[in-house]
Amino acid sequence: MERIVILSGAGLSAESGLDTFRDAGKLWAQYRIEDVATPEAFARDPALVHRFYNMRRAQAASARPNPAHRALARLQADWPGEVTLVTQNVDGLLEAAGASPIHMHGALSRAICAACSYRWDAPAEMSPDDPCPACTAPATRPDIVWFGEMPHEMERILSAIHSCDLFAAIGTSGQVYPAAGFVEEARRSGAETAELNLTNSDMSRAFDAHITGPASNIVPAWVEALLQPKR
Ligand code: OAD
């Protein structure tokens, strides 16, 4: 086995204190997707959308990587083949642990101008009046992929999935496409598939192997087993 692709979701960062979306009482029980996570919401009420992401940016800034983030960084560094980490998470905890992930849903730490597409490091607080540093238009938004928008780096992600030997999904409910379809893509390409999650997800049946438990326990143990020399 040489090439590994790992898709992560909010469950990876849950034990770092960051809320998941669909678990009971979490983000999508407190906010409506159509109020804070669509281009239409931003056009209607940019101040509300900025407040939501300013709050999440502040929470992410005070969070620390947990043992699961650190184990994935170790796997990426020590695996003799290639490890592509694809995350739906917009926090920077994988980077803080030393890993290099692809942020398919964007990053709280980045801003983008809706007028000219220039990108820069987001300030702690963004507001609808902020001018773009490049074109000065007051059209700055978080560099987050909203519902109805195309995730970042899809070509690179699909090419890694189509040539991988093992595809694993960690801490994701499998309810949001295109990420939810990656396991089928990997299966069609002949990869082994494994799901690591607190409980079985809607997508569980699509995976060959299942490891259940909190990410901070199961991910380090899984990484340790992968890195164990085979006899
Ligand atoms: P969800 O909130 O939908 O799912 C979180 C998953 O993590 C669930 O399957 C939980 O069982 C699991 N989980 C919770 N705590 C865990 C723990 N300690 N260890 C392991 N697993 C745990 O989050 P995502 O699947 O990431 O997109 O959501 C996908 C996308 O939907 C997000 O990127 C976001 C959201 O709407 C956008 O906003 C565009």
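**Reading a ligand site and a sheet**

Tutor: Let's start at the ligand: an N or O atom in the side chain of His105 is 2.8 Å from one of the ligand's oxygen atoms. Keep in mind that this is a predicted model.

Student: How much of the ligand's area does the protein bury?

Tutor: The ligand alone exposes 790 Å², and 94% of that is buried by the protein. The ligand is surrounded by 24 residues, with Phe21 and Arg22 among the closest. That shell has 10 nonpolar, 11 polar and three charged residues.

Student: Now the sheet. How do you know that S1 and S7 are paired?

Tutor: Pairing needs at least two bridges. Five bridges join S1 (residues 3-8) to S7 (residues 166-170), so the two strands pair. They run parallel, and Val5 stands opposite Phe167 in S7.

Student: Which strands make up the open sheet, and in what order?

Tutor: Six strands, in the order S3-S2-S1-S7-S8-S9, with parallel pairing.

Student: Why are S3 and S9 said to stand at the edges?

Tutor: Strands S3 (101-103) and S9 (209-212) each have a single partner strand, so one side of each lacks a neighbour in the sheet. On average, neighbouring strands are turned by 20 degrees against each other, direction ignored.

How values were computed: Residues numbered from 1 in each chain as written. Predicted model: local features only at pLDDT ≥ 70, side-chain atom pairs only at ≥ 80, totals over all residues. Heavy atoms only, no water. Helix = DSSP H or I, 4+ residues; strand = E, 2+ residues; numbered from the N terminus. Axes fitted to C-alpha atoms, helices over the stretch in contact; angles between N-to-C directions. Near = heavy atom within 4 Å. Polar contact = N/O pair within 3.5 Å; in protein donor to acceptor, adjacent residues only side chain to side chain. Areas by Shrake-Rupley, 256 points an atom, 1.4 Å probe, with all protein chains shown as cover. Nonpolar A, V, L, I, M, F, W, Y, C, P; charged D, E, K, R; others polar.
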